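Here are some short notes for a colleague who is new to this structure. Please read them with the model open.

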Amino acid sequence: MSSALLTLADSRLPAGGHAHSGGVEQAVAAGLVHDPGSLAAFLLRRLTTSGAVAAGLASAACQGDDLARLDAEADARTPSPALRAASRQQGRGLVRVGRRAWPSPLWDALPAAPHHPVALGVAAAAGGLTPRDAAAAAAYLSVSGPATAAQRLLAMDPLTVAAVTARLAPDIDAVAGNSTRSADGSLPADTDPLLDLLAEVHSARKDRFFAS
Amino acid sequence: MPPDHDLDDYVDPYEHGHRHGGPLRVGLGGPVGSGKTALAAALCRTLGTEYDLAVVTNDIYTTEDADFLRRNAILPDDRIEAVQTGCCPHTAIRDDITANLDAVELLEARHPGLELVFVESGGDNLTASFSYGLVDVQVFVVDVAGGDKVPRKGGPGVTASDLLVVNKTDLAPLVGADLDVMRRDSATVRGEKPTLLISLREDPAATEVAEWVRAQVRARRLQQA
């Protein structure tokens, strides 16, 4: 493993992720996330659905698959317009910092404001990482940002939230390990209607702290 | 670092100061309630006829300040962008400026002739400051009602901002604040950097601050020429 992976997965990388809650803000408003147990359940659910899809896309993008096609695959796997916008917003942010951090001609093959997992795969490749690394970063980021959002919104004990995230490690590893294309060449396509609904309700709110 | 590495390899050619063209970006920061939004509205009213301008707001409740600006600054909707800061107004202007850069770039793309952009931070505390990756110059707004000790307390906003504005001087007698103390302490912690004591209630045009902004626009134009 290259230390570039640590930079890529660091929540302090200024790619705009801090303003996205991954559905947690609306889940808190709906009473679905209110304590460490319900947060852990939410994060696991997110990891194994949108996290798995992100890991698959990031891995394929890192591998050198056609990026425009992968971007369209990401669209097809993201039914919620609000989530598509959030993903592209974060993709654009990652491209901005990634281009500067890891200069590479690979960036030029990306569409404008690509989906975040696709940009993540390119960032991983530009940083000399493997597809498995890209998948690990995608899987980890699918829970680390939302966990922090819950900590802020509910004023939870940060040590507890860190422990919740740390204990998901085996699940994160499993998702990253299963991210490669299946025998028929297809990418993960798990969806969660709850996350789609939360995102749509959230985007219509005027009093939100998070972009998604 | 390996000894055979050239230090230049670590220097980013796009560092602050290397952004060419585009509007002057002015950060407006300061504690909650000090008058940042009122100042932004005043500057838009006063300078809106002179410059092609736009505003980015970072209010914690995203539309609050944008609505205020629409009502008070006669600024059309397509010149106001609101960004969400994930409960961390400070992060959004200094540590991870992505959302604000997106908003500024959107406004620049929408209005190619843009000359001036105000980025108004969400209310924060005395340690808040803007990254110079986001703005060219920054104004820090405090108010008299917060106590005349504020300039002495310092903090990056008070000491390092390009302009310190002490607002609500009209309240000084009511809250027992000594304006001379504030003026003297500001000069002590800020050295040569300017401080303006104003009352937006008495001067809704923010005349002196607007004049300072004009000077910044001129300076940037000279720099770019």
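1. Where is the place of B:G35? B:G35 is in the loop between strand 1 (24-29) and helix 1 (36-47) of chain B. Helices (H or I, at least four residues) and strands (E, at least two) are DSSP runs, numbered from the N terminus.

2. A word on the basis. This is a predicted model, where local features need pLDDT of at least 70, side-chain atom pairs count only at pLDDT 80 or more, and totals for chains, interfaces and linings use all residues. Residues are numbered from 1 along each chain as its sequence is written, chains are lettered from A and ligands numbered from 1 in the order in which they are written, and side-chain values use heavy atoms, with hydrogens and water left out.

3. The UniProt record, an unreviewed entry, has a "binding site" annotation that includes B:G30, B:G35, B:K36 and B:T37. Such annotations may be inferred rather than shown by experiment. From this set, B:G30 is in the lining of the second largest cavity. A cavity is a set of points on a 1 Å grid over the protein atoms alone where a 1.4 Å probe fits but cannot get out; lining residues have an atom within 4 Å of a point.

4. Now the interface. Chain B gives 19 residues to the contact and chain A gives 20 residues, with contact meaning heavy atoms within 4.5 Å. The two chains bury about 1700 Å² between them, 51% of it on carbon and sulfur atoms. Buried area is the accessible area (1.4 Å probe) that two parts lose on being put together, summed over both.

5. How many salt bridges cross between chain B and chain A? The rule finds four. It asks for a side-chain nitrogen of Lys or Arg within 4 Å of a carboxyl oxygen of Asp or Glu. A:R92 pairs with B:E105 (2.8 Å, N to O). A:R92 also pairs with B:D102, the closest N and O atoms being 2.7 Å apart. That pair runs from helix 4 of chain B to helix 5 (residues 81-101) of chain A.

6. B:D170 sits in the loop between strand 6 (163-167) and helix 7 (172-175) of chain B. Its side chain makes a polar contact with the side chain of B:S199 (2.8 Å). A polar contact is a pair of N or O atoms within 3.5 Å; within protein, one must be able to donate a hydrogen and the other to accept it, and residues adjacent in sequence count only if both atoms are side-chain atoms.

Technical notes
On a 1 Å grid over the protein atoms alone, a cavity is a set of points where a 1.4 Å probe fits but cannot get out, and a pocket is an open set with protein on both sides within 12 Å along at least five of seven lines; lining residues have an atom within 4 Å of a point.
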